[in-house]
Structure formats: C-alpha cells, structure tokens
Amino acid sequence: MVGFVGATAISLFVAFPLLMMLQIKNNELRKLQDAVNYSQRHDSVTKALNGTAFAAAVEHYIDRRKRISTDAGGVMIAVVIDTLDAISRRYGPQWADTVMQSLAAITQSSVRSGDLVARLATNELGVFLPGATIENAQDVGMRIRRRCEQAAFTAGDAPLSLDIRLGGAVFDGPTDFNHIRQLADEMAMDRGGGEGDEIVPISRLPAA
C-alpha cells in the first residue's frame, strides 16, 4: 500500500510539470495561430481589414440576409486620397504609409459599432455600413471628412496637402461586392469633391 501511494506520488510529481509544459505549448500555438489568422485578414500598414476579408464579409452579409428573407440593404463608402502617390514620391513611401495609418484611424473612429473598415487599394479605404440608411452614411462620411480637415498631416515638419474624395453606394436588394464597390468608386472619383463639400455623393445601386 505504501509502495502504491509512493508510486502514485512520483507519477504525479513527474506528470505535473509535463502537463504544465504541454499547456504552455498549446497556448503558444494558439497565440501563433491567432496571429497568422489576423495577418491573413488585415492590412499590415493600417491594421484595417484587407480587401479579400472585406469582400468576403460583405458577400456573407448579403447572402445571410437573403436566406432569412429580410432586407439585404446597406451602404459602402469609398475614401480615396488623390495625392498619396505625390506624397510618396516627394517624401518617401514611409510617409505615405503614415498618412494611410492616420486616415484609417480617423475612419475607424468615425464609423458606427459593427461597421467594417478595410484597405482596398494603395490610396483607398472602404467602409461598409450594414443596414444603414443614406442619412446614416452621410453622417459617417461627413465625420470622416471633417476630422480629416481638422487633423494635421505632416511629413516631419512639412505640412501635407491631402485631397480626399468620398463616394457611396446604397443597395437594398440582391447584388454583389464588385457592383457595390464599382459604384462607390465612381461616385468618389466623379463627384466625390474635396475639402468644404457639404455632402458625400451616394447613389443607389439599380435593383437586380
């Protein structure tokens, strides 16, 4: 009996550190997997979603709302910096990255809870507002524009001039991500205006 108790105690003494080590390794692997998953879904510069993850999220929203037979509406806003290439050429790509980081932070602070922000191109962010009205989108768009106008963008001590365009696409029926993005981009580039504009141009996607 004494021998059995002693053997059990020794087994526990040996097994406990092994179990602790295994638990630590599992935690490390889980953190590593989380980091990999995050990097696959997010832009490395702005930390916003990347285009692939953003498109998948929008498509998932449209499909889910369609399956439960409810309104699949929402709004996408394109936020484009026309002068980013000029900033990169004059001051270096690191300053262009800094500008995009700042723009992403401003945009993230301007959206509603549950809205999505992504980097869709070198000089473009996309914002998806599920279930939003045109009025909701106007409020978000104008907050982004106003906060960009109030922010001090600089490259070292040199002030940077930003030409920011915004445009949106609203949909309330079946569609797909590419059509939404194309219309939002067109509104930003054709009528997106700039500093001092009172509204963000938003167009309704034609019904399928």
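Biologist: In which helix is Asn136 found?

Modeller: Helices (H or I, at least four residues) and strands (E, at least two) are DSSP runs, numbered from the N terminus. Asn136 is found in helix α5, which comprises residues 134–150. Please note that this is a predicted model, in which local features need pLDDT of at least 70 and side-chain atom pairs count only at pLDDT 80 or more, whereas totals for chains, interfaces and linings use all residues. Residues are numbered from 1 along each chain as its sequence is written, and side-chain values use heavy atoms, with hydrogens and water left out.

Biologist: Is Asn136 buried, partly exposed or exposed?

Modeller: Buried means under 20% relative accessible area, exposed over 50%, and partly exposed in between (1.4 Å probe, protein chains only). Asn136 has a relative accessible area of 26%, so the residue is partly exposed.

Biologist: Which residues does Asn136 touch, not counting those up to four places away in sequence?

Modeller: Contact means heavy atoms within 4.5 Å. By that criterion Asn136 touches Arg112 and Leu129. Arg112 lies 24 residues from Asn136 along the chain, and their C-alpha atoms are separated by 9.1 Å.

Biologist: How does one describe the packing of two helices?

Modeller: Two packed helices are described by the angle between their axes and the distance between the axes. Axes are lines fitted to C-alpha atoms, for helices over the stretch in contact, and angles run from 0 to 180 degrees between N-to-C directions. Here helix α4 (residues 93–110) packs against α5 at about 140°, with the axes 9 Å apart. α4 is therefore oblique to α5; angles under 35 degrees count as roughly parallel, over 145 as roughly antiparallel, 65 to 115 as roughly perpendicular, and the rest as oblique. Among the residues making the contact are Leu103 and Ile106 of α4, and Val140 and Ile144 of α5.

Biologist: What is the strand order of the open sheet?

Modeller: Two strands pair if DSSP finds at least two bridges between them. The open sheet has 6 strands in the order β1-β3-β4-β2-β7-β8, with mixed pairing. Its edge strands, β1 (49–50) and β8 (202–204), each pair on one side only. Strands β2 (residues 74–81) and β7 (residues 164–171) run antiparallel and are joined by 8 bridges. Within this pair, Ile81 stands opposite Ile164. Helix α5 lies across β2, β4 (124–130), β7 and β8, at about 170° to β7.

Biologist: How many helices and strands are there in the chain?

Modeller: The chain has 6 helices and 8 strands. Of its 208 residues, 38% are buried.
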